[in-house]
Every structure is written in C-alpha cells, then in structure tokens.
Amino acid sequence: MFDAHAHPGKNYPINALVCSASTADFGKLLPFQYKAIGAIPEGGYDVDFSLMAEAASNGWHIGEIGLDRRFPDIDKQMDIFRTALSIAREYDRIAVIHIVREYQKVYDMLKDMGIRRFIVHGYTGSAEMAREYIKLGGIISLGPSAEKAKSFPALLSLPFVTETDMMTGDEEAEALAAWNSRLSALTGIDIAARTEKIMMEALG
Ligand SMILES: [Zn+2]
C-alpha cells in the first residue's frame, strides 16, 4: 500500500508521499522519507523559493503547487506555480499538482514548460483531460472525492494511483485501505499493489 498524497501528521510512514501547502512547513516534513515542499493559495502567497530550491537540491519533490479558482489573483497564482515548476524541472523532481477548476490552464503550462515528471493529485476532471495529462508523462491520483465526479466511471479504466490527502496516522492508513478495496471491487484490479508499483517507479 502507498499513499500518493498525504500531509504531515502524527507518524512517519515510509509508504506515503507527504506534501505541504506552504514552504513554512519545511520543518514538519523533515522526518519523512518521501516528501514534497509546496505552495498553494491555501498556504498563502508568501513563498520561500530559495528554501524550495534548497530542498529540491537535497532530493525533496515539489508540491503541492498549482492553481485554485476558489482563491483570488490567478495571475499571482500562475507566477508562483511557474517558478515552482521551474525548480522541479531544474532538479528533476516530481511536481505534485493541485488543481481546482483550472485543468486546461495547468495543462497548457505543463506542456509549454516541458514538465513530464508530475502527479495531478485529487483528480476530479474529465477522463479526456486525464488522458492528455498521462500523454504528457504525468500520473493521475484519485482520492475518495473522485467518486462524486461525473467522470468517475470513465476514470476507472485509467492507470491511476490512490491517495487520502489526509494527515499521516491510523485514520489515514484505514481510509487508504478502504478506498483501495472499494476501487479493487469496482475494477477487479489490485489497486493497492498497482499504486505502490507506479509510485516506487516514479520516485525512482
Ligand atoms: Zn493535499
């Protein structure tokens, strides 16, 4: 089992990619094996890019980063996102991407910048768009909220990974196990094993 997207919590599992919404959470990420330092609007618009670059130089991934239409100033969001993507590209790290209602804009940026190593986390967009992201080289990650998306039945046939987007701990582990077995029942595929394989290959 592997959680493709979690946040720093009470324990330090080695089978999770643990991400932050702000560069200010650098210290909370330190104990984790697989980690990404990010900056999304939820974490504020004050981003320490030199800390992000230093972390990337030490093997950390970059995320979560992205665009969120629930928050103001999309131009400022795009500036932050572009700079963070350029750091991920410079150090050849995975970009962990958060998107709310800006799937096309993010796709265009990834394509224009030549970003190939990325995970779109908490995916709830269309299956067509998901296929385009996969064609670029990206990974689509589904959390339990994907089940409410219109595209959910079509997404099931794609090679997705699974996540909780929860703080690491017993509840997160239970939620991941339940989500994986739900998806395995729907697809007939061992989703936990597939996620682990895809994630270990991606993390290299
Ligand atoms: Zn998250």
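## About the model

This is a predicted model, in which local features need pLDDT of at least 70, side-chain atom pairs count only at pLDDT 80 or more, and totals for chains, interfaces and linings use all residues. Residues are numbered from 1 along each chain as its sequence is written, and side-chain values use heavy atoms, with hydrogens and water left out.

## The chain as a whole

Along the principal axes, the C-alpha atoms fill a box of roughly 45 × 35 × 30 Å.

Of the 204 residues, 53% count as buried (under 20% relative accessible area, with a 1.4 Å probe and protein chains only). Among contacts (heavy atoms within 4.5 Å) with a separation of 6 or more, 60% join residues 24 or more positions apart.

## The cavity

Rolling a probe the size of a water molecule over the atoms shows where empty space is left. On a 1 Å grid over the protein atoms alone, a cavity is a set of points where a 1.4 Å probe fits but cannot get out, while a pocket is an open set with protein on both sides within 12 Å along at least five of seven lines; lining residues have an atom within 4 Å of a point.

The largest cavity holds about 60 Å³ of space. Its lining includes Ala39, Ile40, Pro41, Gly44 and Tyr45. Helix α3 (74–90) and strand β4 (61–68) each supply at least two lining residues, and α3 gives the most, with three. By type, the lining has seven nonpolar, three polar and no charged residues.

About 390 Å³ of space lies in the largest pocket. Of its 20 lining residues, His98, Val100, His121, Gly122 and Asp165 are the closest to the centre. Strand β5 (residues 95–100) gives the most to this lining, with three residues. Here the residues divide into six nonpolar, eight polar and six charged.

Notes
Points joined across faces, edges and corners; volume = space filled by probe spheres on them. Helix = DSSP H or I, 4+ residues; strand = E, 2+ residues; numbered from the N terminus. Nonpolar A, V, L, I, M, F, W, Y, C, P; charged D, E, K, R; others polar. Buried < 20%, exposed > 50% of the residue type's maximum accessible area, 1.4 Å probe, protein only.
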